[in-house]
Amino acid sequence: MCEYCGCQEVTAIGELTREHDEVVGLMAHVRAAHTAGDVAAMAELARRISDILRPHTAVEEQGLFPLLAPEFPDQVAVLCAEHRHVEAVLGAAAVTVPTDPDWPDALLAVLQDLRVHILKEQDGVFPAALTTLDATSWDTVDAVRAREGSGLLGRLHR
């Protein structure tokens, strides 16, 4: 994780980073549930990850990414496509425990992809945003956060 550029001092990036950290922590629980063969626990954890990622993704895609897209259009497009991929696999557990016998392994695979995605954001997107965006741009990102809330426990939810 990036800790050398100071980008986490920006409120929006700090919140996005805390959400990343929570998701990474939940990933460890998913792996443990997988090892135990507890698909129901995996599904519950997938729902919790989705709850965090729903407002997180909105802040990125409605606030941060549009501001970076003029300078980094290809990178933003890839990140958005990765969001859709993660959402599809997590979404299989949105209402019930998936019955597809391949879903547990698909969840592990998409969470590995998500881990790489998080590193792209923290080591690339966030430092780039710090050097690219001005105060008005950060106000735009903060407005999306205010509208969407946070999926972290103890935070204001939409």
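A crossing of two helices is left-handed if the near helix is turned anticlockwise from the far one by less than a right angle. The views below come from a predicted model.

**View 1. Helices H2 and H3 make a left-handed crossing.** H2 covers residues 39-68, and H3 covers residues 73-91. Their axes come within 11 Å and cross at roughly 160°. Angles over 145 degrees count as roughly antiparallel, so H2 is roughly antiparallel to H3. On the H2 side, the contact is made by Ala46, Ile49, Ser50, Leu53, Thr57, Glu60, Glu61, Phe65 and Leu68. On the H3 side, Val76, Leu79, Cys80, His83, Arg84, Val86, Glu87 and Leu90 take part. Sorted by class, this contact of H2 with H3 has 10 nonpolar, three polar and four charged residues.

**View 2. Glu61 sits in helix H2.** Is Glu61 buried, partly exposed or exposed? Its relative accessibility is 22%, so Glu61 counts as partly exposed. Setting aside neighbours within four places in sequence, Glu61 is in contact with Pro66, Cys80, His83 and Arg84. Glu61 and Val76 are 15 residues apart along the chain, and 8.8 Å separates their C-alpha atoms.

**View 3. Helices H3 and H4 pack with their axes 9 Å apart.** The angle between H3 and H4 is about 150°. H3 and H4 are therefore roughly antiparallel to each other. H3 passes H4 in a left-handed crossing. From H3, the contact uses Val78, Leu79, Glu82, His83, His85, Val86, Val89 and Leu90. From H4 come Trp103, Ala106, Leu107, Val110, Asp113, Leu114, His117, Lys120, Glu121 and Val125. By class, this contact of H3 with H4 counts 11 nonpolar, three polar and four charged residues.

**View 4. Helices H2 and H4 pack at an angle of about 25°.** Their axes are 12 Å apart. Angles under 35 degrees count as roughly parallel, so H2 is roughly parallel to H4. The crossing of H2 and H4 is left-handed. Residues of H2 that meet H4 include Val39, Met42, Ala43, Ala46, Ile49 and Leu53. Among their partners in H4 are Trp103, Pro104, Leu107, Leu111 and Leu114. The contact of H2 with H4 has 17 nonpolar, two polar and two charged residues.

**View 5. The largest nonpolar core has 23 residues.** Which residues have the most contacts inside this core? They are Val23, Ile49, Trp103, Leu107, Leu111 and Leu114. H2 gives the most, with seven residues.

**View 6. Trp103 touches residues from several places along the chain.** Residues up to four places away in sequence are not counted here. The partners of Trp103 are Val39, Met42, Ala43, Ala46, Val89, Ala92, Ala93 and Pro98. Trp103 also takes part in the contact of H3 with H4.

**View 7. Gly151 lies in the segment after helix H5.** H5 spans residues 135-148. Is Gly151 buried or exposed? Gly151 counts as buried, because its relative accessibility is 2% and buried means under 20%. Gly151 and Ala40 are 111 residues apart in sequence. In space, they are 21 Å apart, C-alpha to C-alpha.

Key. Residues numbered from 1 in each chain as written. Predicted model: local features only at pLDDT ≥ 70, side-chain atom pairs only at ≥ 80, totals over all residues. Heavy atoms only, no water. Axes fitted to C-alpha atoms, helices over the stretch in contact; angles between N-to-C directions. Helix = DSSP H or I, 4+ residues; strand = E, 2+ residues; numbered from the N terminus. Parallel < 35°, antiparallel > 145°, perpendicular 65-115°, else oblique. Contact = heavy atoms within 4.5 Å. Nonpolar A, V, L, I, M, F, W, Y, C, P; charged D, E, K, R; others polar. Core = buried A, V, L, I, M, F, W, Y, C linked by side-chain atoms within 4.5 Å. Buried < 20%, exposed > 50% of the residue type's maximum accessible area, 1.4 Å probe, protein only.
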